[in-house]
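Visitor: I'm new to reading structures. Please take one part, the aromatic rings and their surroundings, and walk me through it slowly.

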Amino acid sequence: MEKHDVRVYAFPSYVEGSQSPWQFNYRIEIENHGSLSVQLLRRRWLITDGEGRHIEVEGPGVVGEEPIIAPGQVFSYQSGVPLDTPLGVMEGSYLMQDEEGEEFEAPISPFTLAVPHIIN
């Protein structure tokens with residue numbers, strides 16, 4: 001078992017009826033498959049709208065928390081983001097610290113934010 005094996009999954013959704021800005025919600029699940037407890041210290045998001053404009057968001061924790069995730073445990077939370085276009089992409093990383101004090105990055109793979117009829 002690896003010491004650091006944190007996996008991040010995103011589940012985005014469109015808030016029906018929202019327009020300019022379009023509102024998207026997302027649920028994040030952070031799974032600790034490593035051998036040590038880890039704490040989420042900081043988040044960094046890169047949000048790109050449908051016209052290629054970038055927004056960077058950085059800050060401590062997530063939704064006001066800096067959760068500690070034990071081996072085999074999952075932490076989940078919900079948040080949202082407004083976009084000026086009906087299509088966009090989010091990606092980023094979490095700065096984590098293990099119980100021994102070592103810091104490492106947990107990547108967040110890109111995921112699409114899209115008004116449903118746009119991509120059908």
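Guide: Rings of Phe, Tyr and Trp (its six-membered ring) pair if their centres lie within 6.5 Å; planes under 30 degrees apart count as stacked, over 60 as edge-to-face and the rest as tilted. This is a predicted model, in which local features need pLDDT of at least 70 and side-chain atom pairs 80 or more, while totals for chains, interfaces and linings use all residues. Residues are numbered from 1 along each chain as its sequence is written, and side-chain values use heavy atoms, leaving out hydrogens and water.

A search of the whole structure finds six aromatic pairs. One of them joins Trp45 and Phe111, edge-to-face, with 6.0 Å from centre to centre and 85° between the planes. Trp45 lies in strand β3 and Phe111 in strand β8, so this pair ties together parts that are 66 residues apart in sequence. (Strands are DSSP runs of E, at least two residues, numbered from the N terminus.) Ring pairs also link Tyr26, Trp45, Tyr94 and Phe111 into a cluster.

Trp45 is buried, with a relative accessible area of 2%; buried means under 20%, exposed over 50%, and partly exposed in between, using a 1.4 Å probe and protein chains only. Phe111 counts as buried too, because its relative accessibility is 8%.

Now stand at Trp45 and look around. Leaving aside residues up to four places away in sequence, Trp45 touches Tyr26, Ile28, Ile55, Glu56, Val57, Tyr77, Met90, Glu91, Gly92, Tyr94, Ile108 and Phe111. Contact here means heavy atoms within 4.5 Å.

A nonpolar core is a set of buried Ala, Val, Leu, Ile, Met, Phe, Trp, Tyr and Cys residues joined through side-chain atoms within 4.5 Å. The largest one here has 27 residues, and Ile30, Trp45, Tyr77, Tyr94 and Met96 touch the most other members. Two or more of its residues come from each of β1, β2, β3 (38–49), β6, β7 and β8 (103–114).

Tyr77 deserves a stop of its own. Tyr77 sits in strand β6 and counts as buried, at 7% relative accessibility. Its contacts beyond four places along the sequence are Tyr26, Arg27, Ile28, Ile30, Trp45, Val62, Val63 and Tyr94. By contrast, look toward Asp5, 72 residues from Tyr77 along the chain: the two C-alpha atoms are separated by 19 Å.

In β7, Tyr94 is the bridge partner of Arg43. Strand β3 also pairs antiparallel with strand β4 (residues 54–60), over seven bridges, and there Arg43 has Gly59 as its bridge partner. These two strands, β3 and β4, form a hairpin with four residues between them, and Gly52 in the turn has a positive phi of about 85°. A further antiparallel pairing joins β3 to strand β5 (residues 68–69) over two bridges, with Val38 opposite Ile69.

Strand β6, where Tyr77 is found, belongs to an open antiparallel sheet of three strands in the order β1-β2-β6. Its edge strands, each pairing on one side only, are β1 (6–14) and β6 (74–83). Between β2 (residues 22–32) and β6, the antiparallel pairing runs over 10 bridges. Here we meet Tyr26 of the ring cluster again, standing opposite Ser79 in β6.

Strand β7 (residues 87–98) holds Ser93. Ser93 counts as buried, at 12% relative accessibility. Leaving out residues up to four places away in sequence, Ser93 touches Arg42, Arg43, Arg44, Glu105, Ala106, Pro107 and Ile108.

Finally, look at two loops. Ser20 and Pro21 are joined by a cis peptide bond, with omega of about 5°, and both Ser20 and Pro21 lie in the loop between β1 and β2. Ser20 has a positive phi of about 30° although it is not a glycine, and Ser20 is exposed, at 53%. Val63, one of the residues that Tyr77 touches, lies in the loop between β4 and β5. Its phi is positive as well, at about 40°, although Val63 is not a glycine; with a relative accessible area of 44%, Val63 is partly exposed.

Terms used: Two strands pair if DSSP finds at least two bridges between them.
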